[in-house]
Every structure is written in C-alpha cells, then in structure tokens.
Amino acid sequence: MAPALSKELVSKAVQWLAGPCRPLSGLEYAKLVRHLAAGGAESEAIDLAATLFAVSGDANHPGSDVAPLHISSWEYETSLEVALSSLAETAPSLTLEFVSGLLEEAIAVGERARGASGENDGGVDLSHFWRPAIEDHDQNRDHDNLPGLLVKATRDVALAAASRLPESVPELVAALEARSRRVFRRIGIHLLRVCHGDAPDLVRAHLLDRALFDDPGVLHEYYHLLHDCFGLLTPTIRP
C-alpha cells in the first residue's frame, strides 16, 4: 500500500473509531492493523492500534477499574491478538515499546479510577496480586482484567521477538526494565527464564541481584528463574 494511501486510510479509520457510529467491528480494525503491518506500513499500523486499544478509567466496570475506550472488552482481547501477531513479526522492538506503553497507561488509568494519583510510586503496581504469574497460570484472571491481558500481550511480544532474534534478549530485557513499574521487571525475568541459553551472563546477574531476592513483588518469577537456571551459577558464586 502506498504511504500516502496508508496515512489517509488510517486517518479515516481513526475518525470512525472515535465517532458515535463505528462502521466496522473491533476485529475488522485489527485486521486492518495486520494488513498495514504486513505491507510495511508499521508506523501507520501503530497509529491505528493506539486508537483501537486506548483505555479509560471506569470505576463501575465489572471486575476492573480499566475498560477499553472504543470497543468492547471481548473485542479488545480478540483484536489485540490479531493486531499484534503481524506487528510483532515485522517490527518487534517497536511493537514491544507500543504494547508496554499500553500496559503502563492501563495501570495508571486504573489507579486514577480508584482515587490514586496514577503517578509511579517507586515502581509499585501490586501486579503480583492482579497478575500472580507472568506465565499462563490457573491463578491468573484475565477475564475483565485489562491490565492482566496486556501483561500477557507484552510477554508474548517479547518472547516472539526473542525467538526471531535470540541475540536480542539482553536488549529486550533492558527495554522492559527501563520502565519503572515492577511488572516490567517481572516480564523481563520471565523472558530470561524462557530464553536463559541466549543470555546466560544476564541470567547470572539477575540471580545474584540482592534487590530481586528481597523483593516480594517479583518472588514468583525470581523463584522460577532460580529453579530453572541454578545450574548456571558456579559453586564459587552460588548464594
């Protein structure tokens, strides 16, 4: 698709999404995002996805303080999977930055809906309560839990990027940990556990990080990293 045509199409689609009557379902917009990404228009795809997956605070929304702004909760989950699949393949770093930003915004919006400031308080996000495990787990509750759904999406984009380019694992972990919310450190630890063979030195550094050892908010992920990767520590440096 020609760049000028892509920009015009996205401009129209954004207007339709923000308008009172949507001529297309959320899934159809997601397919358009996928089409743009597959055609090399990643920037335009991200612009459309940013509107499609925008969130708002809703203290009355069942099960969560965050709700999709333009589409239903059911559409959000289904459309997110469709849109991110192609984006993560064609522009993994850009997609990780995008979905991480969505997660960060969803956490802040939810905090404001509950009467908090929504400002980052030393990285504390209580994510170990509303998303007990970064991996799929019976204790996770993704239904009506939009931040939890975005944790899963961020995790999957990071894993897909690492699978395509294993040597990028340290860079991916750094990008996640550059964000101060604790949940991103948890996702980074999970990524290291799954891809430990691609960044053994970084795994060892995390295992020996006393701050991680002492942080109850990352306990689940740190425990599994230690369980799976203890053998990477030599006897002289094992805690």
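**View 1. Residues around the second largest pocket of this predicted model.** The lining is made up of Glu77, Leu80, Glu81, Leu84, Ser85, Ala88, Leu149, Lys152, Ala153, Asp156, Val157 and Ala160. Here a pocket is an open set of points on a 1 Å grid over the protein atoms alone, where a 1.4 Å probe fits, with protein on both sides within 12 Å along at least five of seven lines; lining residues have an atom within 4 Å of a point. H4 (residues 73-90) and helix H7 (146-164) each supply at least two lining residues.

**View 2. The aromatic pair of Phe53 and Tyr76.** The ring centres are 5.2 Å apart and the planes meet at 75 degrees, so this pair is edge-to-face (centres within 6.5 Å, planes over 60 degrees apart). Phe53 sits in the loop between helix H3 (42-52) and strand E1 (55-57), while Tyr76 belongs to helix H4, 23 residues apart.

**View 3. The aromatic pair of Phe213 and Tyr222.** This pair is also edge-to-face, with 6.1 Å from centre to centre and 85 degrees between the planes. Phe213 is partly exposed at 49% relative accessibility, whereas Tyr222 is buried at 5%.

**Notes for all views.** Residues are numbered from 1 along each chain as its sequence is written. In this predicted model, local features need pLDDT of at least 70 and side-chain atom pairs count only at pLDDT 80 or more, totals for chains, interfaces and linings use all residues, and side-chain values use heavy atoms, leaving out hydrogens and water.

Technical notes. Phe/Tyr/Trp six-rings, centres within 6.5 Å; stacked < 30°, edge-to-face > 60°. Helix = DSSP H or I, 4+ residues; strand = E, 2+ residues; numbered from the N terminus. Buried < 20%, exposed > 50% of the residue type's maximum accessible area, 1.4 Å probe, protein only.
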